[in-house]
Amino acid sequence: MKQADSTVFIVDDDDAVRDSLDMLMKSMGLAAECHASATQFLEAYDPDRAGCLVLDVRMPGLSGIDLQERLASMHSILPIIFITGHGDVPMAVHAMQAGAVDFIQKPFSDQVLLDRVQQAVEQDRKNRALLLQRQEIRERIESLTPREKEVMAMVAEGNANKVIAIDLGVSERTVEIHRARVMQKTGAESLPHLVRMVVEARG
Amino acid sequence: MDSEKRFAKLEARLRQREEQLKLTIQHAPTGIGTVDLNGRLLTVNAAFCSMVGYSEEELAGRPVNSITHPDDVEMAERRLLRLRNGEVEQYRVRKRYIRKDGGLVEGMMTAAVVHDSEGNPFLYVAHVEDLTERLKAETEINQSRERLAHVTRIQMIGEMVAGIAHEINQPLTAIATYAQASGRMIRAGMADSEELLAALDKISRQAQRAGDVIRHLRKLVRERPSAEEAVDLNALIAEVVPLAEVDARMHDSTIQLDLAAGLPPILADPIQIQQVVLNLVRNGMEAMGANDPDEKAVILGCHLGEDDTLEITVRDQGSGIPKGTDEELFQTFFTTKSSGMGMGLAISRSIVESHGGRLWFTRNPDRGSTFHVSLPLAGGGDHETG
């Protein structure tokens, strides 16, 4: 299963709600991890762990909304599904604007919750893959020499070797050598591929 | 100076005085009129004319009953007769007139009788204040006050409901989730009976929890925490009076006090007891809605009762309590009024009983009812609660 290394983090101060959610996730073959408070979750928080967060809005101490803010300030990308016991519209709007995936009212249909959880986990997996890819590209670009980076930028802008040679005051042959090294070091298979990488790295 | 000249001068001064008097009456800001013993208008001033929309000429000689609201004619005639018979020297009464354009004028009329030199009734003088604008303003104030009270109630209920909903939603959520997870496990063939039994056990415990929330809530409603302190009942009543007088003005009613001096204190939550008194006074005023203004007093009394108690009495001269409704009267949602929820007496009785006291009523020998609240004296031996 592609979600095998994803975890559904459940944060709710109500023991029974938390425990029943844990059982529901496990019945769907999802790995779940429960926390009784936002603080407890933050102590165990590891930004590299994938999955999603099922978060109760109303909790003593740090509320669900507070936790969302803390995570945002830490640049967390973990998707958040809020669950709430009462239909507080302004709070829901606020949470959604702050990037929550969804806002579900208790008691909820298991199907609705599971659908959202699966969507969120899938989204998180894609996001992380994308980030990883971007990270790799950046690292490859970082391995280029300053001159190679210059050549890469000009190639990506669509300049011909002849033009680059004149601009940099070197021979066309030298440009060709730099260009070959850029393609080799970045692993680009073609010019369009290289352009995509440059764009991605800026992303 | 000869006598003829002196007489002429005197006459001129007299005429001048008369003219001044006429002008004063004519331009008085309130309506003034004279009526003969047959009930026909003799003279009216400008304010009266503009009040009822007729000219002076149209009114002269016209029966006053023809511009009186039909429902007030009988009362007006009865009053005039008492005046004529010398039973009263003057009276003041709310009276409605019908304008020439058909509109209604709410007036406060003061009438007196004028006697001739032999002491026989000769004509009536009436003085009429236009209350229409004032009543309209009062009605508006009253309505907005009621709307505010309603909004406040709704808001309080809303907050309470949100709190209760949250408390009950938690176990319901857990129950639904355990049940759904169990169902999924069974369908997926991964159910082991130990695990399912555990889930069933948890479900029943959560159902129990939801029940506890409701039980706790009912207890909360029954036994609201109250702040009991030594209370001087007469002082407490004195504090209620200004509040009740706001209502008294609306009902054109008055409050008379009949308080025994030197009463010992009782142990009570003053706010709650004030609510009870205010509620009883309001009920009394509402029961007298159909009475004449001088028969609309609520008599609010306080004196020593039997068995180490103080007794508050609220006496009205109203329509009285229909026979056969004695027991229902104190039940929630029972009301004889067209407006109102029927909560007042039920709540009042539960407040009084939570103080170890009693609330009951008696029918007055003449008319109306008296509500009695007896409350045990502070340190006056043990009393039963509940």
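This is a predicted model: local features need pLDDT of at least 70, side-chain atom pairs count only at pLDDT 80 or more; totals for chains, interfaces and linings use all residues.
Q: What makes the pair B:Arg209 and A:Asp14 a salt bridge?
A: The closest N and O atoms of B:Arg209 and A:Asp14 are 2.5 Å apart, and because the rule asks for a side-chain nitrogen of Lys or Arg within 4 Å of a carboxyl oxygen of Asp or Glu, the pair meets the cut-off. Across the interface of chain B and chain A the rule finds three salt bridges, and there are also eight residue pairs in polar contact, both residues at pLDDT 80 or more.

Q: Which elements of chain B supply the side that touches chain A, and which gives the most?
A: Helix H5 (132-187) and helix H6 (193-222) of chain B are the elements that give two or more residues to that side, with H5(B) giving the most, at 14 residues. By residue class, the side of chain B that touches chain A divides into eight nonpolar, eight polar and three charged residues.

Q: How is the size of the interface between chain B and chain A expressed, in residues and in area?
A: The contact takes 19 residues from chain B and 23 residues from chain A, while the area buried between the two chains is about 1900 Å², of which carbon and sulfur atoms give 56%. The size of an interface is often given as the accessible area lost when the parts come together.

Q: Why are E7 and E11 of chain B placed at the edges of their sheet?
A: The sheet in question is open, has five strands in the order E7-E9-E10-E12-E11 (chain B), and shows mixed pairing. Strand E7 (254-259) and strand E11 (358-363) of chain B each have a single partner strand, so one side of each is left without a neighbour in the sheet. Neighbouring strands of this sheet are turned by 20 degrees against each other on average, direction ignored.

Q: How do you know that E7(B) and E9(B) are paired, and what packs on their sheet?
A: Two strands count as paired if there are at least two bridges between them, and six bridges join E7(B) to strand E9 (residues 297-305) of chain B, the two running parallel. One of the residue pairs is B:Ile255 with its bridge partner B:Val298 in E9(B). Helix H8 (residues 270-287) of chain B packs on the sheet, touching E7, E9, E10, E11 and E12 of chain B, and the direction of H8 makes about 140 degrees with that of E9(B).

Q: What makes E2 and E5 of chain A edge strands?
A: In the open sheet of five strands with the order E2-E1-E3-E4-E5 (chain A) and parallel pairing, strand E2 (31-35) and strand E5 (102-105) each pair on one side only. Within chain A, four bridges join strand E3 (residues 50-56) to strand E4 (residues 80-84) in parallel, and A:Leu53 has A:Ile80 as its bridge partner in E4(A).

Methods: Residues are numbered from 1 along each chain as its sequence is written. Chains are lettered from A and ligands numbered from 1 in the order in which they are written. Side-chain values use heavy atoms; hydrogens and water are left out. Contact means heavy atoms within 4.5 Å. Buried area is the accessible area (1.4 Å probe) that two parts lose on being put together, summed over both. A polar contact is a pair of N or O atoms within 3.5 Å; within protein, one must be able to donate a hydrogen and the other to accept it, and residues adjacent in sequence count only if both atoms are side-chain atoms. Ala, Val, Leu, Ile, Met, Phe, Trp, Tyr, Cys and Pro count as nonpolar, Asp, Glu, Lys and Arg as charged, and the others, Gly among them, as polar. Axes are lines fitted to C-alpha atoms, for helices over the stretch in contact, and angles run from 0 to 180 degrees between N-to-C directions.
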